[in-house]
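Hi everyone, thanks for coming. I'd like to walk you through a structure that may be new to you, so please have a look at it first.

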Amino acid sequence: MWQLFKQIAHVGIPTEAAPGSNDAWRTEREQIQKEILRVLGRALCIREVDAGSCNACELEIQALGNPYYNIEGLGIKFVASPRHADMLLVTGPVTKNMEYALRQAYDATSHPKLVVAIGECACDGGIFGKSYATCGGVSSVLPVDVAVPGCPPAPIDILRGILTAVSVRA
Amino acid sequence: MNSDRLLEIYSLPFEPLPGDAPVFAADVGEEDWLRIGQTIRAEGGLLVSIWGKQEKTDIGRYSISAAYCIDKKLLWLRLPTNEQTGYPDLSALFPSAVRMQRAVFDLLGIPANGAEDYRQWINHGMWPKDYFPLRQQFSGLESFDFEPDCYPFVLVEGDGVHEIAVGPIHAGIIEPGHFRFSIVGEKVLRLEQLLGYTHKGVDKLFTRHRVSDGYRLAGRISGDSTVAYSWAYCMAAEAAMSCRIPPRAQWMRALLLERERIGNHLGDLGAIGNDAGLAFGLSQFMLLREEWVRLNARLFGHRLMMDCIVPGGLTVDLDTQGIDLTLAQCKRIEVEVATLREIYDEHAGLQDRFISTGRVSAELALELGLCGMAGRASSQPWDARSHQAPPSSAYAQLDVRMAMHQDGDVAARVHVRFEEIAESIRLIRDILHRMPAGPVATPFDENESDSGHRGAGWVEGWRGPIFVGLEKDMNGEIVSCHCHDPSWQNWPVLQHAILGNIVPDFPLINKSFNLSYSGQDL
């Protein structure tokens with residue numbers, strides 16, 4: 001246990017400011033929380049749905065939870081059920097085999113049912129396009145609020161996408 | 001090993017394929033198909049992959065391929081067949097063949113004769129039963145508006161038995177798949193998986209690519225293994241085109257592969273700790289992983305190093321500053337990981353969850369063909385870097401020390417990951433000290449090769465060995481390209497690893513394997 005506490009003290013708090021100069025992050029951070037509160041009146045809850053990605057987007061979404069990005073510190077939480085979620089974060093070109101499950105998840109999501117498409121594949125099918133096995137992007141299945149390009153997008157861009165979606169409906 | 005010796009053992013003329021992977025190929029009849037399978041099984045070899053194709057020029061003709069790994073080499077058998085004849089079942093010899101054969105049928109419509117399990121695997125009912133995408137008559141761009149089928153899971157009956165259905169959408173930020181648990185109380189009596197949810201039609205898509213540009217697709221089969229896949233693909237493409245990459249490229253590719261291994265192991269060790277209730281482990285390791293991938297981005301322009309490996313070599317190189325940064329990072333990560341390992345080892349609550357959980361005995365691992373990192377944690381001594389390293393590769397000179405454990409439980413898979421991080425750091429240092437100077441790429445001329453050739457790739461990714469079998473035509477177009485993920489072998493073993501364990505331990509056991517959905521669904 002002593003080692004564990006020592007390690008915690010040794011590492012300290014690495015959480016960083018977002019890119020940009022003049023302490024832009026602090027402003028952005030406050031802006032984010034204000035936006036979330038204004039739109040939802042509470043924390044933002046996200047249900048992530050992999051609709052057939054290659055798992056690279058998942059790695060970068062998972063990274064948002066690390067102490068550098070500290071997404072929970074912004075009042076944003078990933079939840080297990082779409083019923084608890086305000087937003088779906090969808091990756092992949094939407095495979096035919098996932099289309100049904102994705103629609104079900106959307107139906108179960110609480111309003112305002114924000115949808116953010118993450119990565120090239122989710123934007124327009126990407127390298128997989130539209131075929132017998134793929135739908136060619138999230139917008140061919142669900143109404144998409146924000147589409148974040150990148151293969152995969154860096155965590156900071158995914159965060160930006162989430163925040164953009166929170167402000168579009170404002 | 002040469003072709004003459006193989007002729008002696010298998011009474012079959014094998015032809016060595018050009019390129020880095022130590023592959024010998026032969027076209028066989030039905031009798032030899034089975035006989036060689038039996039010989040390889042008896043000698044303790046592994047079935048790597050089964051896939052098929054329809055000939056472009058003569059559409060009545062099909063061929064089914066099987067790749068095996070035995071000793072220091074790979075064998076690639078090709079069996080010509082047609083729609084009516086099919087091919088002899090291999091699942092009685094190699095249990096891992098079951099799902100591969102079901103996938104071959106779903107994609108190509110060629111049955112494995114005598115197989116017991118004929119259920120569909122990739123086709124979930126979203127396209128017609130007689131639509132076989134790999135057939136030449138279909139473009140792969142057809143679109144259907146169907147409803148999913150009801151999959152016939154095996155029903156377990158008895159007093160107090162009930163089912164828990166999980167997925168395809170899982171609770172965390174992970175890939176989709178369906179798990180059907182049959183349980184009594186908290187104990188798991190049976191787990192049956194249904195995968196295929198992330199099927200993106202990769203095999204068909206390859207046939208619309210040229211050999212020179214298929215590497216981007218290969219690098220997106222399983223994002224966490226993008227380096228391993230793009231290397232394996234390029235190895236196959238370079239073999240098919242008789243292209244030899246410069247020596248420095250071999251060392252640079254090995255460097256990227258070891259960086260990918262460490263990055264994934266760091267993430268997994270954190271997630272495994274978290275699944276056993278130690279959130280501290282998750283934040284600590286995720287922090288190290290973030291540092292690790294940020295240096296990837298700085299040195300190679302991409303956090304996961306996608307598209308850095310291309311046919312002919314690499315698009316990236318390392319200067320002295322890059323070498324210094326890498327060495328400094330290795331030093332730091334090595335110290336941090338050693339500290340965390342001590343904490344993990346001494347944490348009674350964590351060890352209580354790790355030890356004896358999700359055990360796969362060495363016998364079961366051998367029987368089912370458990371491979372890669374998980375295999376090594378169950379005494380299966382296979383590592384393509386030490387066993388099948390081609391003389392031209394950096395690994396032939398690096399003397400990779402394979403990490404092994406005999407317990408086969410979560411603790412063993414954690415142990416192997418820690419050992420492999422230490423070994424990969426040692427390898428990276430060695431690579432940086434010994435890497436020859438010179439160019440990192442040679443022009444990849446796809447018009448140079450006159451006749452139809454094929455090539456294979458074989459790379460030990462962080463999860464296990466990745467195989468690529470590629471056939472091309474005279475114009476440099478891909479006729480058939482199949483990429484094989486070790487998850488094909490390891491997913492069915494997970495069904496056994498959970499038996500007798502309690503449901504709440506499933507996420508922990510699952511994470512300790514961390515198999516790819518996208519890599520097997522293709």
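This is a predicted model: local features need pLDDT of at least 70, side-chain atom pairs count only at pLDDT 80 or more; totals for chains, interfaces and linings use all residues.

Residues are numbered from 1 along each chain as its sequence is written, and chains are lettered from A and ligands numbered from 1 in the order in which they are written.

Let's begin with chain B as a whole. Its secondary structure comes to 18 helices and 15 strands; helices here are DSSP runs of H or I with at least four residues, strands are runs of E with at least two, and both are numbered from the N terminus. The radius of gyration of chain B is 22 Å, close to the 24 Å from the globule rule for 522 residues, so chain B is as compact as a globular protein of that length. That radius is taken over C-alpha atoms, and the rule is 2.2 Å times the number of residues to the power 0.38. Along its principal axes, the C-alpha trace of chain B spans about 70 × 65 × 50 Å.

How much of chain B is buried? Buried residues make up 54% of its 522 residues. A residue is buried if 20 or more other C-beta atoms lie within 10 Å of its own, exposed if 12 or fewer, and partly exposed in between, with C-beta atoms placed from the backbone.

Now for some strands of chain B. In β13(B), residues 454–460, seven of the seven residues are buried. In general, side chains in a regular strand alternate between the two faces of the sheet. On one side of β13(B) we find B:Arg454, B:Ala456, B:Trp458 and B:Glu460, on the other B:Gly455, B:Gly457 and B:Val459, and all are buried. Seven bridges join β13(B) to the antiparallel strand β14(B), residues 465–472; two strands count as paired if DSSP finds at least two bridges between them. B:Trp458 stands opposite B:Phe467 in β14(B), and a hairpin of four residues joins β13(B) to β14(B).

There is another well-covered strand, β3(B), residues 46–54, with nine of its nine residues buried. Eight bridges join β3(B) to β4(B), residues 62–70, and the two run antiparallel. Here B:Trp51 stands opposite B:Ser65.

Moving on to two helices of chain B: α7(B), residues 247–275, and α17(B), residues 506–513, pack at about 170° with their axes 9 Å apart. Axes are lines fitted to C-alpha atoms, for helices over the stretch in contact, and angles run from 0 to 180 degrees between N-to-C directions. The two helices are therefore roughly antiparallel, the word used for angles over 145 degrees. From α7(B), B:Asp268, B:Ala271, B:Ile272 and B:Asp275 meet B:Pro507, B:Leu508, B:Lys511 and B:Ser512 of α17(B). Contact means that C-beta atoms, placed from the backbone, lie within 7 Å.

What about the two chains together? In the model, 48 residues of chain B are in contact with 43 residues of chain A. On the chain B side, α5 (215–218), α8 (279–300) and α9 (320–346) are the elements that give two or more residues. Of these, α8(B) gives the most, with six residues.

Finally, chain A. It has an open sheet of five strands in the order β2-β1-β3-β4-β5, with parallel pairing.

Technical notes
Angles under 35 degrees count as roughly parallel, over 145 as roughly antiparallel, 65 to 115 as roughly perpendicular and the rest as oblique. Two residues are in contact if their C-beta atoms, placed from the backbone, lie within 7 Å.
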